[in-house]
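Thanks for coming. Please look at the model first.

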Amino acid sequence: MSTFNTTEQQLRLALSMTSLGVIQIDYQTNLAIADDQAATLFDIPANKAIPRELIYSRFHPNEREEFASLSAQSLDLGRNADVALEHRVLHRDGAVRWLSIRKRVFFEDLDGVRKPKSGLLAALDITDTRSAEENLRRSRETFSHLLENNPFGIYVVDADMTLRYVSAGARKVFEQFDPMIGHDFATIMHTIWPSRFAEEILWHFRHTLETGEKYFAPPFVELRSDIGTAESYEWQLERLALPDGRYGVACYFYNATERQQENESIRRSEQYFRTMADAAPAMVWVTDVNHQCTFLSRGWVQFTGQPQSEGLGIGWLNMVHPDDREESTRVVMASLHQQVSFAYDYRLRTASGEYRWAIDAGRPRFDETGNFLGYVGSVIDVQDRRVAEESLRQRAAELEASESRLRLAAETTGFGTYDYNLANEQFVWSEELYRIFGWGADQIPSRTAVLSTVHHEDRDRLTACVEQATSPTGTERHSNVFRIIRPSGEIRWVIDTGRSIREVEGKHSRVVRVVGTVQDITERKIFEQSLERAKQSAESANRSRGEFLANMSHEIRTPMAAILGHADILKEHLKDPDNVQLVETIRRNGNFLLNIINDILDLSKIDAGKMEIERVPVRPDAIVGDIRSLMDVRAAEKELPLRIEFDGPVPETIDTDPIRLRQVLLNLVGNAIKFTDRGEVKVVVRYDEPQHQLHFDVIDTGSGIPADKLQSLFEPFTQVDNTSTRSVGGTGLGLTICRRLAHALAGNVEVESVIGEGSRFTLTLNVANAGRLIQPNLNVSTSSDPPAEEIQLSATVLVVDDRRDIRYLAQHFIEKAGGTVYTATNGQEAIAFIVNPTSPMIDLIVMDMQMPVMDGYQATAELRARGCQLPIVALTANAMNSDRDECLAAGCTDYTTKPLDQRKLIGMIAKLTIDELRLG
């Protein structure tokens, strides 16, 4: 076997300093020679030729075949080949060592055949590294897994700071430098690391080279300049003699980047575990493989008062009641030795010195390979549960004794009971249940028999309910209503209400029984069906009432529009005061009729929930000022003083609907004036700041209201005096609307009255977002609109209405404002007019929505379908918001109601035609 040259000897010396063992193999003689380190590692003779099979015999039995296979592959390559692996070797004394092995085979040509000549096997003992890695993995317990070992690297730098030798691990770090051997070390360092850190490394290399002092560098984390990532290394320097006789520096390093990250992850995991354990309501504990407590959560310390340091090991037993200590130790330790889960109750001393029952439950922990790591568990205070269990045990006998009485009571009240056992598919029925199904006592109930009695329309639904109730993942309780058919053919309605009882085995559960009651509810169902028919009838009547109100609105508003409009026109042509007074009488009574239909429509809106309330900031003193200005004239006509008083300051503004608030106050003040013949009418406003309520008291000195009539005042169409000889008129809707509007405004209307002295009606509003309190000012105006200006039109308008009076009235208003009017009597004529190329150009259409032949909805939709873009103003006698929405949905641009408001109509036409011109 050949000897090493001087350089090789020096290299072997350097390698020996790294704990590497080397074995030379001669394949011609099949012998091997191991140096001292290799002999120690493999437990074989040192520096002595031995059969190479002896080396293979030292490999762990589980790994010999793999190493032999790799060696055989290296011999078949026909070229110098390397084998690198980590394996266990088994010493004769039974000791097992982990080795990192590198093997190279050298070949030669003999008679034209390339055969293996010799080999070199280098081994490094990595048992400690393996052990450290195992300890690291275990330290993570169940929260993390051990990462694989980081590669180990060796390289040598000569006195000229040039790389001379590089191991496989070092090549991975310096892989970008090609060739590595002979490369300037300072260039490599400055390429890999920041200049500051590179200079620090070079200084340590030079210092070791000059002084011979070994340098053990502390672990570091640094950002690599070449790849932009942070890496961590553990490294040391040692001076050694090189073959050329000069000194060099050997660097042994370990890439600890992944280990550093792993340690940080473990630290965070442990911190997370401790945080969760301390926050848990239970007292959490952890033991090691020797059953010594290694962790107690903060809950243990707080509950027992025992410091954590005293409770570790087996110190926790000191907190167990002396009478329970021996038995609890026996039970718990028996489970620990068997490595099985356990749960045991014992009394535990609290920080106050009293003892409370607690349940201690634990389960074993194992790593990924099945190695036992210890236990984790928790202790929970169950004192209340134990007390409750004792109470339950005391009552168990009472419940058992009363079971028969309960069963009798259930049957007496018409409940039949059942108990269905899924294991044997058997039912236990009460006598009442047999009676409900109409079965004889000799008939055996079963799932199939029960389902066969169910009405075919309900059978699928009940089958699904039964499957849900008996499923392991189904709901615990069920309730189902269905029909059954008795043997006599009679159909009965029943309700089945029950509960599924489950058994839990580990993570799995199964339904073992279903218990419940069945009640015959046929009479109740018949009653419910009659109620449903009554409900449908009421809804139908309600729809009929809505249709009636809509038709009545149209039928009354349309002629009223003509009456009021023509009265206005007639008034313009009259000079005789008597004739003017006659026209005013017509207008006044027409407006009275209009107010009646408005009251009816308002009531209908409120009942239907369609009354829209708009909340805006408004001054209450300004509203009261408006009421006074409007009602002064009516009070003066009856020679009654109308007094306004404020009992203290009031909010500057309140959020409410000013129109509806004014409507309620006008109605209340108007009623007070109407029913008062002498004395006075007074309005008192006061603000209850603690209750955030604003009160309006309308007080009169009228005849008063009988006590038995007070509550009926707010019912629709109700009068205190219902006789035909009563002195005042009215529909009896005003107070009804007042109270319902007050409710919509988050308030109420109440009344107090004394016969012969008068009445007090109080409107109370709950005030939200009240402004600051001020002294009232009745001269503040609620209107922010500028003074009305005379509007002049230059538009050409097509008025479409089947009523000649309405066409004439609209034409008069428009032409008086300067516009030009063409007319049509129905939607079909309007379409013909618009599509006729000879017709004059039209700027806007006023379209009545209810007409014969073709109504306004159809006509508008048809015009839009033909591409007509003209503004269309819907004209309708209906006053519901739904009617407005219907008109706009049909394609109308805007909407107005009858009776025609001259200013509103002219203003709408002016705005739409101006906008149209602007768009054009």
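This is a predicted model: local features need pLDDT of at least 70, side-chain atom pairs count only at pLDDT 80 or more; totals for chains, interfaces and linings use all residues.

Residues are numbered from 1 along each chain as its sequence is written, and side-chain values use heavy atoms, with hydrogens and water left out.

Helix α8 covers residues 195-211. Helices here are DSSP runs of H or I with at least four residues, numbered from the N terminus. Its 17 residues should span 24 Å at 1.5 Å a residue, and the end C-alpha atoms are 24 Å apart, so the two agree. The expected span is 1.5 Å times one less than the number of residues.

Which residues of α8 are buried? They are F197, A198, I201, L202, H204, F205, T208 and L209. Buried means under 20% relative accessible area and exposed over 50%, with partly exposed in between, using a 1.4 Å probe and protein chains only. Seen down the axis of α8, the buried residues fall within an arc of 155 degrees, so they line one face. That arc is taken from the directions from the helix axis to the C-beta atoms. On the face turned away from the buried side, α8 carries exposed R196, W203 and E210.

Now the neighbour, α7, residues 185-192. F185, A186, M189 and H190 of α7 meet residues of α8 including A198, L202 and F205, where contact means heavy atoms within 4.5 Å.

Note on methods: Helices (H or I, at least four residues) and strands (E, at least two) are DSSP runs, numbered from the N terminus. Axes are lines fitted to C-alpha atoms, for helices over the stretch in contact, and angles run from 0 to 180 degrees between N-to-C directions.
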